Amino acid sequence: MAVVVFVTPAGERREVASSGEATVMHLAVREDVPGLPAECGGQLACATCMVVVAPEWRDRVGPPGEDERDMIEDSLGEVPEGLRLSCQVPLTAELDGLEVSVPSQPGY
Ligand code: FES
C-alpha cells in the first residue's frame, strides 16, 4: 500500500491510500481528483493525466519513457521538468508518501 498526496489545481492537498491500483492515475480516478480526466484509461493516447512530481520525488519516480515523452511533447511542445503522465507511473510501495500536483492547465 502507498499513500499519495495529490495537490489539486485549487491547491487542496488530498492524501489517498492505494488499495491495489496499478498506477498513480488509477488511484486519482478512483478518488475523483479534479483535473485528471484520464480520458484514454491509461493507453498512453490522451495526455489528460498529467501531474508534476514534487522535486524531492523525481529521482525515485524517474523520467518519462520515450513514448511518454513524445506524447507530452506533442501536447505541450516541450517536456517540463518533473512532468509525468500519471498512467505511466506504477504505484509501488516504494512510492509511499509520493506528492504530485495536478496542473491547473495542461503541463503547468
Ligand atoms: S490516461 Fe491517457 S495518456 Fe494517461
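1. Helix H3 is followed by Gly 77, which has a positive phi, near 85°. Helices here are DSSP runs of H or I with at least four residues, strands are runs of E with at least two, and both are numbered from the N terminus.

2. A word on the basis: this is a predicted model, where local features need pLDDT of at least 70 and side-chain atom pairs count only at pLDDT 80 or more, while totals for chains, interfaces and linings use all residues. Residues are numbered from 1 along each chain as its sequence is written, and side-chain values use heavy atoms, with hydrogens and water left out.

3. Within H3, the residues Glu 68, Met 71 and Ile 72 are buried (under 20% relative accessible area, with exposed being over 50% and partly exposed in between; 1.4 Å probe, protein chains only). The buried residues of H3 fall within an arc of 95° seen down its axis, so they line one face of the helix; the arc is taken over directions from the helix axis to the C-beta atoms. Turned away from that buried side is a face with the exposed residues Glu 66, Asp 67 and Asp 74. Strand S4 is included in what covers the buried residues of H3.

4. S1 and strand S2 (residues 13-17) run antiparallel, joined by five bridges; pairing requires at least two DSSP bridges. Five residues separate S1 and S2 in a hairpin, and Gly 11 in the turn has a positive phi of about 90°.

Definitions and conventions
Contact means heavy atoms within 4.5 Å.
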